[in-house]
Amino acid sequence: MLAAESSIELFLTLGLAILAIFSLNLALLTLIRLLTPARTLPIATPAESDLPKVLIQLPLFNEGELVERILGAVVAIDWPRDRLEIQVLDDSIDGSLALSRHAVAELHKEGVQIELLHRVDRTAFKAGALAAGLERSDAPFVAIFDADFIPPTDFLRKTVGALVAGSDLAYVQTRWAHINREESLLTRIQARLLDSHFCVEQEARWRLGLPVPFNGTCGVWRRAAILDAGGWEGDTLTEDLDLSLRARLRGWRSGYMKDVTVPGVLPVSTRAWRVQQFRWTKGFVQCSVKLTPRIWRDSPLPLWQRLMVSLQMGQPLAFVIGSACLFMGLPFMAGAAVGGETLGHVAIVTSILGFAAPIGFLVLAGPRSSLRRTATEVLGSLVLTSGLLLSNARAGVEALMGHQTEFVRTPKARSLQGGLVKMRWRNGAIELGAGLGLLGFTLLEQPLAVIYLAMVIGGLLGVGTMQMLDGVLLSKPVETRH
């Protein structure tokens with residue numbers, strides 16, 4: 001019994017120490033963003049006759065109501081028509097395909113170089129669609145947009161200009177903006193979380209010269225870099241991160257343009273948001289399993305960059321480790337086991353960093369607003385992210401075990417229910433049950449610990465309840481949004 005207790009204490013201490021390292025990484029990125037000077041990308045302005053051919057790829061899946069909007073925005077981009085190709089990569093299995101065909105046919109009549117590629121077999125999902133489209137074009141530069149984004153008219157002038165100016169740049173990533181930021185507290189929280197990624201994390205990596213991951217949309221690739229890195233591969237759910245890091249391992253640099261923004265739509269339901277976070281978490285861990293050995297074995301990156309990139313890919317493992325630590329901590333909470341001084345000290349340090357680092361990270365992100373509004377969004381981000389503990393832990397475990405799952409796109413509007421109906425754990429009962437169970441256990445065994453676990457308990461109860469409310473709303477007729 002004592003041996004088992006000692007083993008649990010050892011693993012719990014180790015897990016808490018790893019969580020502290022992840023929090024320290026966030027704190028470091030925040031400080032870098034605050035203290036290091038900004039960087040800008042040189043942008044070439046070639047003569048009109050020297051502008052290169054550009055391929056725009058639009059990977060779609062069951063997104064019919066968004067087809068006309070994204071095509072209208074892409075056609076309006078300022079670039080010579082004779083050097084602009086558009087590919088609609090529509091693998092839809094619902095009525096969306098007919099809408100895409102009609103829209104493409106109409107633009108083709110107007111002289112637009114556009115084609116529709118539909119695959120019956122969705123091999124490698126989005127990565128497979130992008131690879132299939134690339135084979136049908138010889139354009140040296142490839143811009144990629146998901147259907148829910150609206151690129152500005154000068155997008156190619158700035159991004160392709162940067163690639164022309166920097167011959168060793170594999171791609172240029174721009175920043176996401178948010179069309180429906182003010183729709184609800186949930187969308188405001190998502191916007192805050194994404195802003196922390198683009199305005200703090202990505203910007204800090206860019207200023208340090210670290211690889212800036214491609215975010216799957218709103219960026220332009222150099223075709224030569226895609227091919228040199230081995231092309232699009234569909235063995236992870238984050239094909240964008242995978243390819244961008246493989247390109248870096250081949251010696252290509254990445255560019256980031258924070259001042260070029262592309263507005264997009266945020267998920268409006270908790271269920272859809274959880275689907276998205278599950279996919280991103282699992283994909284990051286899959287990339288960690290796939291690429292970490294290669295990074296440490298034969299990477300041209302210096303030691304400190306290898307460490308930073310490894311932490312970046314492994315950061316979502318905090319959900320797996322956090323769940324394990326919570327479970328292992330229950331005997332100590334109930335008094336069935338007594339921890340030593342080392343465990344106590346590590347727990348204190350981890351708790352302080354676990355609160356301070358994310359708060360600083362989130363406060364630095366987002367537009368300037370009132371103290372109350374900022375505090376609401378930051379606290380909401382911490383609570384709701386804690387509510388994803390079980391779902392994202394499952395995603396990480398599946399990735400570690402090599403369990404492959406389908407690429408489930410993120411529905412953005414309540415009328416787009418496609419990927420949600422068949423989703424397991426779809427009604428929030430798991431989170432709600434876990435939150436109530438943890439609350440009851442804590443009140444019975446160690447009532448004061450409710451304060452310490454308030455974030456996790458509140459997050460599980462909140463995410464569970466919000467998913468159930470989503471179920472009620474999605475079961476009612478709604479108007480289609482345009």
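A disulfide is here a pair of cysteine sulfur atoms within 2.5 Å. By this rule the predicted model contains zero disulfides. The sulfur of Cys199 lies 14 Å from the closest cysteine sulfur, that of Cys218, which is too far for a bond. For Cys287 the closest cysteine sulfur also belongs to Cys218, and at 19 Å it is too far for a bond.

Cys199 is buried, with a relative accessible area of 12%; Cys287 is buried at 0%. Buried means under 20% relative accessible area, exposed over 50%, and partly exposed in between, for a 1.4 Å probe and protein chains only.

Helices (H or I, at least four residues) and strands (E, at least two) are DSSP runs numbered from the N terminus. Strand β1 covers residues 54-60, and because seven of its seven residues are buried, it is largely enclosed by the rest of the structure. In a regular strand the side chains alternate between the two faces of the sheet. On one side of β1, Val54, Ile56, Leu58 and Leu60 are buried, as are Leu55, Gln57 and Pro59 on the other.

## Strand pairing

Two strands pair if DSSP finds at least two bridges between them. β1 pairs in the parallel sense with β2 (residues 84-90) over seven bridges, and Pro59 has Leu89 of β2 as its bridge partner.

## Basis of the values

Residues are numbered from 1 along each chain as its sequence is written, and side-chain values use heavy atoms, leaving out hydrogens and water. In this predicted model, local features need pLDDT of at least 70 and side-chain atom pairs count only at pLDDT 80 or more, whereas totals for chains, interfaces and linings use all residues.
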